[in-house]
Amino acid sequence: MKNLLKTSLILFTIILLISCSENISLPSNGGGNGGINNDPNKYVQITPDWTFGELDLHTPVDAFSSKDGRIYIADSIANSITVIRPSGEVENGLYDSLKHLNISPTAVCLDARFNVYYTDDSDVIWFWPQFVATIGIKGIVLERDYLVGSDTVTMHPLDGLYMGYSPISGSEVIDSTSTAAIDSMMAPRIFYDPSSDLNINGLVDTASGTTIVGGNPIYAAQNKSFVALAPAATDQMSIYAADAINNYLLEILLVPTVLVHLENGQNVWQYTGMLDDFIATPGTGAGTVSQPISMASDNGGSVYYTQTGEYFSVHKLNSSSYNTQFLVGIDDIMGLGAYGYARDITVANDNSIFVLDTLDRDVKMFSAQGKFIKSIVVREEWIRVSDSSYIGDSLVVKDTLVLQQYPDLLNNPLALTFYDEVLYTFDNGNNRVLRFTKVDDVVVEDPDREE
């Protein structure tokens, strides 16, 4: 009788546990406010996907999100940089200057002055002064008055700039007749040429004859391949570039050349590029360079880059001294063998880091401190795993919900970018752009998108 009662209790316990397990509601893609869906790092997919066809894309290999939300996409096959809005609408008109380029762009970025920089793995960097082209140039400032002590002195704008004098507003002498020169300053052109006279001989102050920045004739004579670009901090007059042949990361200064007077009354400098310093040099340790392939920067000007050489795929340099910020054996992001192929990298506003892994077919998310958080841009499913064990003479059955990830959404992804809580991943093998966001239950309308 005791054995029969004991058997009955065990059977009753099993039935009760199974019944409770069957009543558990599995999480849906829509999310919720608590339980297993209450994940502060959960990313959900925004639908529908964007197809390359509707965005007029062929082979996007790099992307950059500007401060106003526009996404600049380097399309190597189309010889163009395509610009789209967050709604997916393709920009035309003014932005046609970036279409039908005479090169095949492979990297693109913008600085805080809305200058667009791009390269094609060659030995020069191009740019397009978007802000100036948008407003229009009224003329070239030939001279202006400056306050020198208590005196008013008329001089060339470059002389006044290098002497540090205060310009007197409204005193400009403007040449509006040089239309060919004005048109050329609103068109794409070479920004940084290491073999130019400026980069070989250095920058000299014409007024005093002193050298402001020295040249680098040794580097000018070397073969170069610029494969990645990133902007410096807003208050810095420079950008960053990666040279894959020499394994250098460069800081390139924006050197003023011509002061132009815009149609809205503003005076804006035009720039050319000059090598300031190598912020990272060849090596296999943390903070060194070995076959770089992508770059990014955060709001503070810290530099992130990925590479295919030994030993570490992802690096970060701080903006003050350009020393390494991640340490081997301490920070997950520096883990050996952690990546199949770290093709691209981008940084969110909170400095969360996203690394696109082409071989693993996912995007690996890290905290600002380099701690691995999770893989995203993957298909996720909650599965129920049953486990039974004896507690004393009683059989206890327990169901556990386990989040299973399947890396089957991406096929040969080559680029990604982040803007306003949305991660954009360019899935070249499937000719589409996937969008993921931390905002749950999101519904994204496209009010300004043309049908």
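These are my notebook entries on what I looked up in this predicted model.

**Ground rules.** Residues are numbered from 1 along each chain as its sequence is written, and side-chain values use heavy atoms, with hydrogens and water left out. Since the model is predicted, local features need pLDDT of at least 70 and side-chain atom pairs count only at pLDDT 80 or more, while totals for chains, interfaces and linings use all residues.

**Overview.** I started with the elements and found six helices and 30 strands in the protein. Both are DSSP runs numbered from the N terminus: helices are H or I with at least four residues, strands are E with at least two. Next I checked burial: 48% of the 451 residues count as buried. Buried means under 20% relative accessible area, exposed over 50%, and partly exposed in between (1.4 Å probe, protein chains only).

**Ser 238.** Is Ser 238 buried or exposed? Ser 238 is buried, because its relative accessible area is 3%. I found Ser 238 in strand 16, which covers residues 238-243. Its side chain makes a polar contact with the side chain of Glu 251, at 2.8 Å. (A polar contact is a pair of N or O atoms within 3.5 Å; within protein, one must be able to donate a hydrogen and the other to accept it, and residues adjacent in sequence count only if both atoms are side-chain atoms.) Skipping neighbours within four places in sequence, I listed what Ser 238 is in contact with (heavy atoms within 4.5 Å): Ala 232, Glu 251, Ile 252, Leu 253 and Leu 254.

**Salt bridges.** For these I looked for a side-chain nitrogen of Lys or Arg within 4 Å of a carboxyl oxygen of Asp or Glu. The count came to 14. Arg 85 pairs with Glu 89, with 3.4 Å between the closest N and O atoms. Arg 85 counts as partly exposed because its relative accessibility is 25%, and Glu 89 counts as buried because its value is 14%. Lys 99 and Asp 96 meet at 3.5 Å, N to O. Here Lys 99 is buried at 18%, while Asp 96 is partly exposed at 36%. Asp 357 bridges to Lys 364 at 3.0 Å, and both residues are buried. I also found one network, where salt bridges that share partners join Asp 68, Arg 70, Arg 85, Glu 89 and Glu 91.

**Nonpolar core.** The rule takes buried Ala, Val, Leu, Ile, Met, Phe, Trp, Tyr and Cys residues joined through side-chain atoms within 4.5 Å. The largest core has 41 residues, and Ile 125 and Phe 191 are among those touching the most other members. Strand 17 (residues 248-262) gives the largest share of this core, five residues. Beyond four places in sequence, Ile 125 is in contact with residues including Tyr 117, Phe 191, Ala 241 and Ile 252.

I used a 1 Å grid over the protein atoms alone: a cavity is a set of points where a 1.4 Å probe fits but cannot get out, a pocket is an open set with protein on both sides within 12 Å along at least five of seven lines, and lining residues have an atom within 4 Å of a point. The largest pocket holds about 780 Å³ of space. Which residues lie nearest its centre? Of the 42 lining residues, they are Phe 64, Ser 65, Pro 231, Ser 297 and Thr 346. I noted one cavity of 30 Å³ or more, with Tyr 192, Pro 194 and Asn 199 among the residues lining the largest cavity. A volume is the space filled by probe spheres set on the points, which are joined across faces, edges and corners.
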